[in-house]
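Hi,

I am handing over the structure we talked about. Please have a look at it first, and then read my notes below.

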Amino acid sequence: MNKFAFISPNGRVNIIRIFVLIALGCFPLLQDAYLLSQLTVFLVYGLFAMSLSLIWGYGGILCFGHAVFFGIGAYIMALTTKGMIPGMTGIFTSTLFALLLSIAGTALFASILGYFLFSGRLSGPYFGIVTLAVAVVAERIATKWDYIGGFNGLTNIPAFSIGGYEVLDPLVLFYVILGICLILYLISDRIVNAPFGTILSAVRDNEDRVEFFGYNIANLKILIFSISAGIAGLAGALFAVAAEFVSPTILGFSLSTEVLIWVALGGREILLAAFLGAISVRTIEALLSDILGYYWILGLGVLFILCVMFFPRGLFGQLLSNKPRN
Amino acid sequence: MAFILETKDLTKQFGGLTAVDKTSLKLKEGGLRCILGPNGCGKTTLFNLISGCYKPTSGKIIFAGQDISGQPVHLINRAGIGRKFQIPSVFNSMTVEENLRVPSSSNWKPSLLRSKNSVPGNRQEILTLLNLLKLTEKTNELAGNLSHGEKQWLEIGMVMASKPRLMLLDEPTAGMTAAETNKTAQLIHQISIETGISVVVIEHDLNFVKKLASRVTVMYKGSIFREGNYEEIQEDKDVQSIYLGRKR
């Protein structure tokens with residue numbers, strides 16, 4: 001029996017969407033500068049989680065190294081705006097150019113990586129292990145490479161600027177990032193509801209069956225992997241601006257697994273659920289980690305296990321799904 | 001005489017085991033054919049070779065005048081060979097209608113941003129198919145919630161939606177009740193007569209083969225053993241002995 005029988009599933013989802021947007025939009029009314037700057041970073045994590053949901057929830061590709069793309073995006077942003085990339089000066093160090101370069105750079109890297117992995121027909125846990133290895137390697141390289149800051153990373157990243165106007169007010173930055181998240185959400189939602197998204201879900205359900213209908217599976221997977229990586233790269237670039245630093249930890253193993261937990265907790269099969277999963281976990285973490293200290297990780301682990309046992313579709317997954325129950 | 005499918009001395013070896021041994025099969029356009037044989041005689045391997053799952057060790061596969069041996073799976077499908085798997089393979093988390101939309105050939109390069117309503121796959125064609133499969137009432141049901149028999153029919157429908165010239169059906173009645181088996185026989189008969197699609201069926205169930213009233217090819221130890229109509233095959237002493245395991 002559907003608890004929300006009085007409105008159609010689509011109507012319910014739309015109401016929640018609008019509610020989330022209003023709630024986030026009204027958040028600055030709390031007038032708490034610290035919380036606002038925290039939430040700005042959480043929005044970025046939410047965008048990152050959404051990009052993982054695209055390939056994991058919709059494409060069935062379990063990527064254990066998604067932070068690599070986030071980190072590459074962040075480093076490209078930092079290096080470009082700080083003018084540290086040789087030969088790039090003037091307009092090429094602007095925020096907008098750096099954002100575009102972050103998206104393009106990570107998407108390109110992902111398409112090359114994806115070409116080798118998917119053409120080699122790597123899937124399931126094997127794919128996970130290889131991407132995990134990529135994350136560890138990336139973290140090692142970033143730690144040892146002094147030019148990009150080595151272990152300490154890069155700080156003093158220039159503020160977000162649009163056409164010469166520097167966004168120094170945290171409130172404006174918050175709305176800029178919220179706006180970007182909204183645009184990316186709408187684009188991603190469009191993709192998963194387009195014919196491509198239908199085929200993608202079919203690949204997740206039964207890859208062989210799709211291949212025997214004439215589809216080139218490797219190409220489909222490379223495409224969605226690159227799109228997902230591009231969004232993760234954009235999230236990383238925004239992180240660099242919002243947090244004002246980048247360090248090797250953001251492209252390694254730990255963030256890669258953390259984002260998996262956010263997405264699994266929120267609901268990997270729904271973009272908005274993954275987004276809310278990241279924001280919720282980070283918010284709870286911010287509230288509880290002072291009290292719990294190191295036990296926070298333990299608590300998160302317990303929460304994760306409980307969620308897998310009792311809410312396999314995630315905390316928000318069922319609520320936001322417009323499909324009938326299995 | 002034009003053949004839709006012709007295999008020439010088709011052979012597949014797995015190490016020391018020869019699963020398909022110099023098989024030469026000829027199939028007329030628009031025909032219905034049953035392939036019969038005891039377990040391990042190479043029926044499914046033959047399907048895997050034709051549909052591109054395996055590359056042949058030697059020999060050729062000619063489909064509609066073109067040599068397709070060793071081509072990748074998706075290109076063989078695009079050439080016009082559709083295949084139904086032995087285990088029902090439908091997309092469980094998608095609705096019946098969505099399942100039927102996936103095979104539409106205009107999707108091969110699926111559009112990234114257009115809305116779902118503009119999905120290729122003609123709505124009228126899908127309705128006709130649903131009617132043929134007798135699944136009209138389940139249009140918006142998740143495929144995972146269908147019964148075993150319904151999943152089998154849905155998959156046959158999906159293969160039809162991909163508009164093949166040749167359909168390979170691997171044990172379409174596996175796990176079905178007698179009533180479902182009858183219905184499946186009717187369905188396949190109807191497809192064969194009404195659409196002109198050539199159909200090859202792998203089958204164990206002799207009753208089903210009898211109902212199809214098609215030409216029968218018996219395979220044994222990787223090669224073609226006998227060919228004939230149902231009565232000829234049924235009365236053949238050698239066929240009886242390979243099935244019942246008597247010493248020959």
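Contact here means heavy atoms within 4.5 Å. By that rule, 30 residues of chain A touch 37 residues of chain B.

A word on the basis: this is a predicted model, where local features need pLDDT of at least 70, side-chain atom pairs count only at pLDDT 80 or more, and totals for chains, interfaces and linings use all residues. Residues are numbered from 1 along each chain as its sequence is written, chains are lettered from A and ligands numbered from 1 in the order in which they are written, and side-chain values use heavy atoms, leaving out hydrogens and water.

Between them, chain A and chain B bury about 2,900 Å² (accessible area, 1.4 Å probe, lost on being put together and summed over both). Of this, 65% lies on carbon and sulfur atoms. On the chain A side, Arg209(A), Phe212(A) and Phe213(A) lose the most area to chain B, together 26% of what that side buries.

Which side chains meet in a salt bridge? They are those of Glu155(B) and Arg209(A), at 2.5 Å, N to O; the term asks for a side-chain nitrogen of Lys or Arg within 4 Å of a carboxyl oxygen of Asp or Glu. The count between the two chains is one salt bridge.

Helices (DSSP runs of H or I, at least four residues, numbered from the N terminus) also feature here. H6 (170-193), H7 (195-205), H8 (207-211) and H9 (217-243) of chain A each supply at least two residues of the side that touches chain B. H7(A) gives the most, with eight residues.

Enjoy exploring!

Notes:
Buried area is the accessible area (1.4 Å probe) that two parts lose on being put together, summed over both.
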